[in-house]
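Hi,

Here is the structure I promised to pass on to you. Have a look at it first, and my notes on what turned up are just below.

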Amino acid sequence: MTGIIVSNGNIEDYDFYRKYFKKESLVIAVDGGAFHLRNLGIKPDILLGDFDSILKEDYENYYKAGVQILKFPEEKDATDTEIAIDEGIKRGLRQIILMGVIGSRLDHSLSNVFLLKKILDNGIKGMIVDKYNEIYLIKDRIKIKKEEGYKLSLLPATDKVEGVTTKGLYYGLNDATIEFGSSFGVSNEFISDSAEISIKKGLLLVIKSRD
């Protein structure tokens with residue numbers, strides 16, 4: 001099952017996000033992310049957090065609608081988004097899509113990107129999505145579909161990533177090594193309907209982006 005976790009970061013064009021919601025998806029609203037789901041017209045299966053950012057009307061409406069509510073203290077050792085991921089892991093999700101996790105707070109945004117490792121470590125496919133980006137973290141291989149106007153960047157998340165091989169990209173790589181702190185893998189272009197990236201060692205952020 002796929003889980004969709006909606007947090008309180010930037011979401012503007014709601015129509016863009018509707019394609020990710022399927023009937024069988026488990027939808028988790030993280031605190032103020034309930035506002036985004038209300039605008040999408042989607043009732044979450046779970047509402048969780050310390051509820052320091054949720055609008056009172058959203059909380060009351062979902063409570064009356066019978067949504068499962070999981071409340072956590074404000075003083076805790078994990079963000080609400082990480083707690084939502086833990087809930088998804090506990091429920092045996094095979095894929096987790098994170099929305100509303102990129103915003104004006106760089107510390108929060110980076111923390112949420114790093115949470116892709118927890119997802120990966122639990123054998124789950126993870127993705128962060130917004131109107132301009134799809135972000136993945138891999139330890140072996142991935143296939144990414146081409147979309148008009150998008151470029152693909154490969155950024156090491158470990159000291160180095162070894163054995164990087166690509167297919168379907170303008171700047172091809174064959175058993176290459178990319179070191180952390182290098183811009184070597186930024187802004188490649190698709191030359192096929194999809195691109196394939198494989199690595200032998202390390203962790204690699206694969207980011208499909210547009211302006």
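Let me begin with the charged pairs: the count comes to 16 salt bridges. Please keep in mind that this is a predicted model.

One of these pairs is arginine 18 with aspartate 15, whose closest N and O atoms are 3.0 Å apart. Arginine 18 is partly exposed at 36% relative accessible area, while aspartate 15 counts as exposed at 56%.

Another salt bridge joins glutamate 147 to lysine 208, with 2.8 Å between the closest N and O atoms. This pair links distant parts of the chain, 61 residues apart: glutamate 147 sits in the loop between strands S8 and S9, and lysine 208 belongs to strand S13. Lysine 208 is buried, with a relative accessible area of 2%, whereas glutamate 147 is partly exposed at 28%.

Then there is glutamate 189 with lysine 151, again a salt bridge, with the closest N and O atoms 3.0 Å apart. Glutamate 189 lies in the loop between strands S11 and S12 and lysine 151 in strand S9, so the pair ties together parts that are 38 residues apart in sequence. Both ends are partly exposed, glutamate 189 at 37% and lysine 151 at 32%.

Threonine 81 is one of the buried residues of H4; its relative accessibility is 7%. The side chain of threonine 81 makes a polar contact of 2.9 Å with that of serine 7. Leaving aside residues up to four places away in sequence, threonine 81 also touches Val30, Val101, Asn112 and Leu115. Just after H4, glycine 92 takes a positive phi of about 75°.

Now the nonpolar side of things. The largest nonpolar core has 42 residues, and Phe21, Leu37, Met99, Leu152, Leu154, Ile197 and Val206 touch the most other members. Apart from it lies another core, of 26 residues, including Ile28, Leu115, Leu137 and Ile207.

On the surface, Leu106, Leu110 and Phe114 form a nonpolar patch with about 330 Å² of accessible area together. Leucine 110 is in helix H5 (residues 106–121) and counts as partly exposed at 40% relative accessibility.

Terms used
Residues are numbered from 1 along each chain as its sequence is written. This is a predicted model: local features need pLDDT of at least 70, side-chain atom pairs count only at pLDDT 80 or more; totals for chains, interfaces and linings use all residues. Side-chain values use heavy atoms; hydrogens and water are left out. Patches are made of residues with over 30% relative accessible area and no salt bridge: like charges are joined within 9 Å, nonpolar side chains (Val, Leu, Ile, Met, Phe, Trp, Tyr) within 5 Å. Accessible areas come from the Shrake-Rupley method with a 1.4 Å probe; for residues, only the protein chains shown count as cover. A salt bridge is a side-chain nitrogen of Lys or Arg within 4 Å of a carboxyl oxygen of Asp or Glu. Helices (H or I, at least four residues) and strands (E, at least two) are DSSP runs, numbered from the N terminus. Buried means under 20% relative accessible area, exposed over 50%, partly exposed in between (1.4 Å probe, protein chains only). A nonpolar core is a set of buried Ala, Val, Leu, Ile, Met, Phe, Trp, Tyr and Cys residues joined through side-chain atoms within 4.5 Å. A polar contact is a pair of N or O atoms within 3.5 Å; within protein, one must be able to donate a hydrogen and the other to accept it, and residues adjacent in sequence count only if both atoms are side-chain atoms. Contact means heavy atoms within 4.5 Å.
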